[in-house]
Amino acid sequence: MKISIKKELFLEAILKVLNVINPKTNLPILSNILIESIDSKIKISATDLDIGITTLVPALINESGAITIPAKKFSEIIREFPEEEVKIMVKKNNSINIECKECSFRLMGLPKEEFPQLPDFKNKDVLKIDPVELAKMLELTSFSMSKDETRYVLNGILFEIEGTNLRLVSTDGRRLAIISKDIVYGNASKKISMIIPAKTIQELMRSINQSDEEIAMVISENQVLFEMGQTSVVSRLIEGEFPNYKQVIPTNNPYTIQIERLAFLAALRRASLLATSDYQAVRLELFKNKMVVSKSTPDLGESREEIPMQYNGKETVIGFNPYYLIEALKNLTTGQINIEISDPEKPAVLKEPNYQYVVLPMRL
């Protein structure tokens, strides 16, 4: 294989796939990226066997071929190359020359045949999804995915598709985020329910933010493919049954807090400065026209702040993990928010059009 390619384009493409690679892998081939020529482009692929990413980039192909190259070292070399154009030549015994006028490197690769083959999604139904709307939906749900590996079905986001409607649900057992929008083009032939792993969600969010292309989604029995322009993300699905989230959402919270989002967010951030692992809860005192946000931590200090609000319930005190509220508030865009509560020991619900965020209180 002999190719010439612009350094910046090459580096950008390599970085798109680099995050997939697990540095602790016991299989040497999984530390490599696969580079192969396709017509007037090169295709760059990486996988950890659970998730794979491929991307296409224009190049001058002098001689077609394919090779796998150690990903981390290769990316470091390309990043430090002095010239705009990089030449790659594959010699015998999988030796790879990387050069420009001023300098050259030689790395040892592994043959393409050792690289895991990514699944084929031909002859499957394709659904199109609005990328801007999906990005917003992921921002409002991804932070409440569980990080507890013993509860593996919660280590991702539940995707439910019915007709043109897409619903995303995530929970870690102490909070739950759910959002639903009509953003699917090309009705699914049947109701779809699948759990997409957290690592795939992070790579999907990164790829969406780097592209404004419409997303094509293809689903097989235990895998899903997302195509965004020249980049594709393919992933295994989490096997198992997602909890019945509808049972968790309160339906009879009689009292509503109406408060400015940014003022509430800023007050929570200030109060959280005194939070520790042993003393996490922030105290919210609710009055008719104001909320008092306070935090007291033994041997550290205390804070108190008043915020104007509208509240139609009885005066009460409720405690929350401030970070659970902060993560939702910072990703919303509305000026004023509504939070529905019943009593200090039952879940509160932050409600927006098409969005609900359920948070369990903490004892003070």
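**Close-up views of the predicted model**

View A. Leaving aside residues up to four places away in sequence, Thr-297 touches Leu-274, Thr-276 and Tyr-279. The side chain of Thr-297 also reaches the backbone oxygen of Leu-274, at 2.5 Å. Thr-297 belongs to strand S21, which spans residues 290–297. The relative accessibility of Thr-297 is 4%, so this residue counts as buried.

**View B. Crossing of helices H3 and H4.** Helix H3 comprises residues 131–139 and helix H4 residues 198–209; their axes come within 10 Å and cross at roughly 140°. H3 is therefore oblique to H4, since only angles over 145 degrees count as roughly antiparallel. The crossing of the two helices is left-handed.

**View C. Residues at the contact of H3 with H4.** From H3, the residues Pro-131, Leu-134, Ala-135, Leu-138 and Glu-139 take part. They meet Ile-201, Leu-204, Met-205 and Ile-208 of H4. Classified by residue type, this contact has eight nonpolar residues, one charged residue and no polar residues.

View D. With residues up to four places away in sequence not counted, Leu-134 touches Ile-129, Phe-159, Leu-166, Leu-168, Ile-183, Ile-208 and Ile-215. Gly-301 lies 167 residues from Leu-134 along the chain, and the C-alpha atoms of these two residues are separated by 42 Å.

Notes: Residues are numbered from 1 along each chain as its sequence is written. This is a predicted model: local features need pLDDT of at least 70, side-chain atom pairs count only at pLDDT 80 or more; totals for chains, interfaces and linings use all residues. Side-chain values use heavy atoms; hydrogens and water are left out. Axes are lines fitted to C-alpha atoms, for helices over the stretch in contact, and angles run from 0 to 180 degrees between N-to-C directions. Helices (H or I, at least four residues) and strands (E, at least two) are DSSP runs, numbered from the N terminus. Angles under 35 degrees count as roughly parallel, over 145 as roughly antiparallel, 65 to 115 as roughly perpendicular and the rest as oblique. A crossing is left-handed if the near helix is turned anticlockwise from the far one by less than a right angle, and right-handed if clockwise. Contact means heavy atoms within 4.5 Å. Ala, Val, Leu, Ile, Met, Phe, Trp, Tyr, Cys and Pro count as nonpolar, Asp, Glu, Lys and Arg as charged, and the others, Gly among them, as polar. Buried means under 20% relative accessible area, exposed over 50%, partly exposed in between (1.4 Å probe, protein chains only). A polar contact is a pair of N or O atoms within 3.5 Å; within protein, one must be able to donate a hydrogen and the other to accept it, and residues adjacent in sequence count only if both atoms are side-chain atoms.
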